[in-house]
Amino acid sequence: MSILKVEKAKAFDEVISDIAADKSISHRCAVFSLLSDKTSLVRNYLQAEDTLCTLNIIKSLGAKTENENGILHITPPAKIIEPPLVLDCGNSGTAMRLLMGFLSGIEGFFVLHGDKYLASRPMKRLAEPLKKIGANIDGRQNGNLSPICIRGTKLKPFDYESPIASAQVKSALILSALRLNAPSFFSEPELSRDHTERMLRGMGANIECKNGKIIIHPIKKPLYPLDITVPADPSGAFFFAVAAAIVPNSKITLKNVLLNKTRMEAFKILQQMGTQIEFVQKEDKYESIGDIIVKYAPLKAIKVSENISWLIDELPALSIAFACAYGISSVRNAKELRVKESDRISTVVKNLKLCGINVREYEDGYDIEGGIFKKVVFNSFGDHRIAMSFAIASLLCGGVIEDTDCINTSFPNFIDILKKISTAENLP
Ligand code: S3P
């Protein structure tokens, strides 16, 4: 079990060009390449445990991958292979859920499993709508918990109103709809991240959006292959945005970050709290990409209860900014935090209380009063975003974070970047 020690930071001014590649887009590159009959080209595919699991899975399904001069070539099989072994999704809910949607309509028998954290995350949100359209899905608790077994079959078109704004549910159902013989319809309470719609449209799929409903037309022939450079992950970049926002007189320039509006909400909140943030757009192909420049300024408290799905992954890091702001900040409508890689309401609250910050826990969020951090030993609870958030908190007073191997699931070079702004080392 790795233990990370982080020293108090002095003011810094850094340019960071190696934030890890976007995790959501990388997973999708691997899975969507199976919808073409030609080789997809992917530059800057995320080399982290979660996304390498997805790549291994598509190889077990028959895809061939090759790395040529840093470009990942993914050649899909003519027909998906029925794999002899179970498919290991590691820690990744995105991998498991997207593949549930994709494989439900493919001939064959497939078993998806993951680590002990993924084994406790709910799959019913997807198993239920998929079963309603004819999917043969099973698992512990009647298909709610992994291992998930799928016997692929012919599915029926659907009109599904999702009770939660989840890009994983939306993407899985879109994947299941592409192979049907008539259009399907999907709606969600608020727009969740929209990479699936954008990327599949870029590959030639006909996915419309009318009056808040997504209409998925079946594909009549294989899609065009992907030719894409994965931008830096805004969720990864956000840890360092918070670092500049809380260490007095600091500035950071985060290069080539995905600027999709469904991923920018946490930066917008930080801006409303007082941090100076500039967005410089540089390109707009499948997605908008550019630099984000973040400069320290004193923070004031804020209330957050809308567009929660646009900042759900950044809430642990944002809670560190709340704990440094003047006044009481609050988060509500964020019950989804309880079913992430850890129960992030409870793990954020526990760690903040430990270092002397006043926090109040609610079923769907928390109140955090700005205060002074005490130097303590934090626990990551095996959750990468909790580990990285409290490494950033440690920049204020020094700290130790236990169980940090999980950082490798999404951001393997996080500690190398942290070392540019502070002294950080793995303890033996
Ligand atoms: C993701 C969607 C989000 C997010 C996760 C990645 C995706 O989950 O929390 O880290 O790539 O689609 P939900 O869609 O379940 O909210």
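Around the ligand stand Ser24, Arg28, Thr94, Ser166, Ala167, Gln168, Arg193, Ile312, Asp313 and Lys340, where a residue counts as near if one of its heavy atoms lies within 4 Å of the molecule. This is a predicted model, in which local features need pLDDT of at least 70 and side-chain atom pairs count only at pLDDT 80 or more, while totals for chains, interfaces and linings use all residues. Residues are numbered from 1 along each chain as its sequence is written, and side-chain values use heavy atoms, with hydrogens and water left out.

By class, this shell holds two nonpolar, four polar and four charged residues. In that scheme Ala, Val, Leu, Ile, Met, Phe, Trp, Tyr, Cys and Pro are nonpolar, Asp, Glu, Lys and Arg are charged, and the others, Gly among them, are polar.

Gln168 places a polar backbone atom 2.9 Å from an oxygen of the ligand. A polar contact here is a pair of N or O atoms within 3.5 Å.

The protein covers 95% of the 380 Å² of accessible area that the ligand has on its own, by the Shrake-Rupley method with a 1.4 Å probe.

Two elements each give two or more residues to the shell, α1 (23-32) and α6 (167-177); helices are DSSP runs of H or I with at least four residues, and strands are runs of E with at least two. Domain 1 (3-21 + 231-427) and domain 2 (23-229) each supply at least three residues to the shell, with bounds from an automatic or database domain assignment.

Finally, the backbone. Most residues other than glycine have a negative phi, and most peptide bonds are trans. The bond from Ser146 to Pro147 is cis, with omega near 0 degrees, and Pro147 belongs to strand β9 (residues 145-152). Gln141, in helix α5 (residues 140-143), has a positive phi near 50 degrees.

Methods: Polar contact = N/O pair within 3.5 Å; in protein donor to acceptor, adjacent residues only side chain to side chain.
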